[in-house]
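Good morning, colleagues. May I ask you to turn to the structure on the screen.

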Amino acid sequence: MESKTVRAKHKQYMLPSVANYYEEPVVLHEGQGSRVSDLDGKSYLDFFGGILTVSVGHANARVNAAVSAQLQRLSHVSTLYPTVPIVELAEKLVSVAPGNLQKAFFTASGTEANETAVVLAQVATGNQELLALRHGYSGRSILAQSLTGNSNYRAVPSQVAAVKHALSPYCYRCPLKLEPGTCGVACAKDLDELIRTTTTGRIAGMLAEPIQGVGGFITPPREYFEIAAEIVRKYGGLMIIDEVQTGFGRTGTMWGSQQYNVEPDLMTMAKGIANGLPLAATLCTPAIGEAFQASTISTFGGNPLSCAAAVAVLEEIEERHLVENAAKRGAELREGLERLQRQHPKTIGDVRGMGLMQAMELVVDETVRDRTPNPRATLQLFEETKKRGLLIGKGGLSGNTIRLAPPLTLSASEVAEGLRALEESFAAMGVG
């Protein structure tokens, strides 16, 4: 089948809302490591990894072998039966989890993992109201859309009145018009008044991403979560840390929360957990797990194939020291992006992120503090990088933030190659 045929059938049969990148979408056909190829044979360096999901590289040999072997034995049973893969994975996750997260529940998507965490928090505390962050993204369900702080992903009005949205720790666009370094992390301290003025004064918890992914890799100040956790717990709530995008070494530590010295009461994860196979998990403390007494199942949660893949992913991360590699390659990438920012100070307003989770926010003219979002420049950069064989991502409320999140296996030479493509692309755009 030719690329043009695939594009035509996609347009014919898929929902119109299932948008693709690029004026002429790339029909990907195969991949290996940090590279993918389209149906026409063109190769690309993948700097987005299926939205931060291909954690240990495309067609990873260990993962593929584990899935293939498991497929020959047993492919599906549901959570009604214990299996070797599900208990092996649970044991491994608990062994690398922060704090006292000793109980696991598996589902098929990050949306389900977040739903599970919210219900567990409500049952364990006896409280119903929840805090979420503006610019956050929690998934596609009715509850997840209500938790999401981005109108682009809300198909219907909020259906869950218990959710209250706090200020995002978005330093580049501070909602309080303060300056980092002198603000006293006022956005975190505002949680106290938010709880006292918009809730009953007793909350189930706060759900937050260590770095807001879809929001454009918004990276909070280092002190944010310690302050937030103290306030949340003061009013009876639990800290639910959403590691769907930041987990599994992405930020240069195993978990994004470890960058902020905060111990989660519950933690959710998906995406990079199984290198592309559908799997998610919710971890909690024993006390929280024991508080939930209702019957529950997950048809596809803990699927033997996905669990086998996830076990292999964790082995790859440990044995190949991929957390350390993410930190090293991330530092190289960040240095290159900051160099680009110096070369194009008008257009590149902000560079932010951690590890191999880096972003550039494009604006009209940073040199005169005109931070009007510039999604047009984002689309131009997409087309130019595509010409040069580099795949990138985007995000942010206005779609003006470039998101870069290659596989954790990225090499130093691939970092340099990606930066060259970005440099040439900005030059071709002719922007300041």
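The model is predicted: local features need pLDDT of at least 70, side-chain atom pairs count only at pLDDT 80 or more, and totals for chains, interfaces and linings use all residues. Residues are numbered from 1 along each chain as its sequence is written, and side-chain values use heavy atoms, leaving out hydrogens and water.

The sheet is open, with 7 strands in the order E4-E10-E9-E8-E7-E5-E6 and mixed pairing. Helices (H or I, at least four residues) and strands (E, at least two) are DSSP runs numbered from the N terminus; two strands pair if DSSP finds at least two bridges between them. E4 (103-107) and E6 (163-166) are the edge strands, each with a single partner, so one side of each lacks a neighbour in the sheet. On average, neighbouring strands are turned by 20 degrees against each other, direction ignored. Axes here are lines fitted to C-alpha atoms, for helices over the stretch in contact, with angles from 0 to 180 degrees between N-to-C directions.

E5 (residues 130-133) runs parallel to E6, joined by 4 bridges; Ala132 has His165 in E6 as its bridge partner.

Helix H7 (residues 186-198) lies across E5, E6 and E7 (205-208), at about 150 degrees to E6. Contact means heavy atoms within 4.5 Å.

Finally, how many disulfides does the structure hold? There are 0, a disulfide being a pair of cysteine sulfur atoms within 2.5 Å. The sulfur of Cys171 is 6.2 Å from its closest cysteine sulfur, in Cys183, which is too far for a bond.
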